[in-house]
Amino acid sequence: MSAPLMSLHRCCQRSAFLLVARRHWSSSSSSPPPLLSRLLLNLTQRFYDVEMLLSWRSQMSRKQLQRKNVYYGYTQRFYGPDVACAYYILSLGGGFRYVGQSEWLRPNHRGKLPWDFLNHKDTPLEEIDMSHTVINYKGLFNLEKQQHLRVLKLQGCPEVDDWFLAKLHVFQDSLEELDISQCPRITTGGLAALRNLKGLKHLNVSSLPRISSPGLVIILLEEMLPQCQIRADGYDLRQAGGEPIDQQIQRQR
């Protein structure tokens, strides 16, 4: 039984118990229960009501996230992978630029989509900005056929994790710039998967809260991607002794 159903089952059991208890107290000729008992009973009922509400809200949030990152297979069959990719990006509030064009396409301030992308059936995307959107691992499948993608910006994306970074190997022949700064779910293990992006020239890993020993991680990235310029702001790169970590590494060598 799933967690939401278990929570609902417990809530129903508790509600039935409370209903029987109320009937017993109302039909009994004895005096009503003391104030403390009534207070605890009321709090118990409220606790299970809140638990059920939070569980329902969490389940609805997961379903909404899945719907937003669904694979646009139907659109791809009728309009091609470029239109399907553009539609997915715009639906999530992102933006992009086509190969050979300088204009960026984004939803306006009211969220209205620029439907001009339907006229670019066979035009690949060169730059994609999904910053602060809910793109996740499954949604990335809508982008994987963009073989000319040079720039991918994912700043502040709450659902970008290590699995997401491992999937980026599909862009290893084209991707030159990647921004994954301020993504709260990325760990050191996920950054290790970036070694497949041999053509990467610019990488932004600033302010990743789950990165331990950021100085060592940055040095590791520089060794894995020697041709890449690493940007890493928002870290304290000094050890307990006050000496910068890069100086300690050089001294040990």
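Rings of Phe, Tyr and Trp (its six-membered ring) form a pair if their centres lie within 6.5 Å, and planes under 30 degrees apart count as stacked, over 60 as edge-to-face and the rest as tilted. By that rule, a search of the whole structure finds eight aromatic pairs.

This is a predicted model, in which local features need pLDDT of at least 70 and side-chain atom pairs count only at pLDDT 80 or more, while totals for chains, interfaces and linings use all residues. Residues are numbered from 1 along each chain as its sequence is written, and side-chain values use heavy atoms, with hydrogens and water left out.

Select Tyr72 and Tyr87 to begin: the ring centres are 5.4 Å apart and the planes stand at 80 degrees, so this pair is edge-to-face. Tyr72 lies in the loop between helix H2 (35-68) and helix H3 (73-79), and Tyr87 in helix H4 (residues 81-91), so the pair ties together parts 15 residues apart in sequence; helices here are DSSP runs (H or I, at least four residues), numbered from the N terminus.

Now colour by accessibility, where buried means under 20% relative accessible area, exposed over 50% and partly exposed in between (1.4 Å probe, protein chains only). Tyr72 is buried at 14%, Tyr87 is partly exposed at 26%, and Tyr88 is buried at 0%.

Notes. Helix = DSSP H or I, 4+ residues; strand = E, 2+ residues; numbered from the N terminus.
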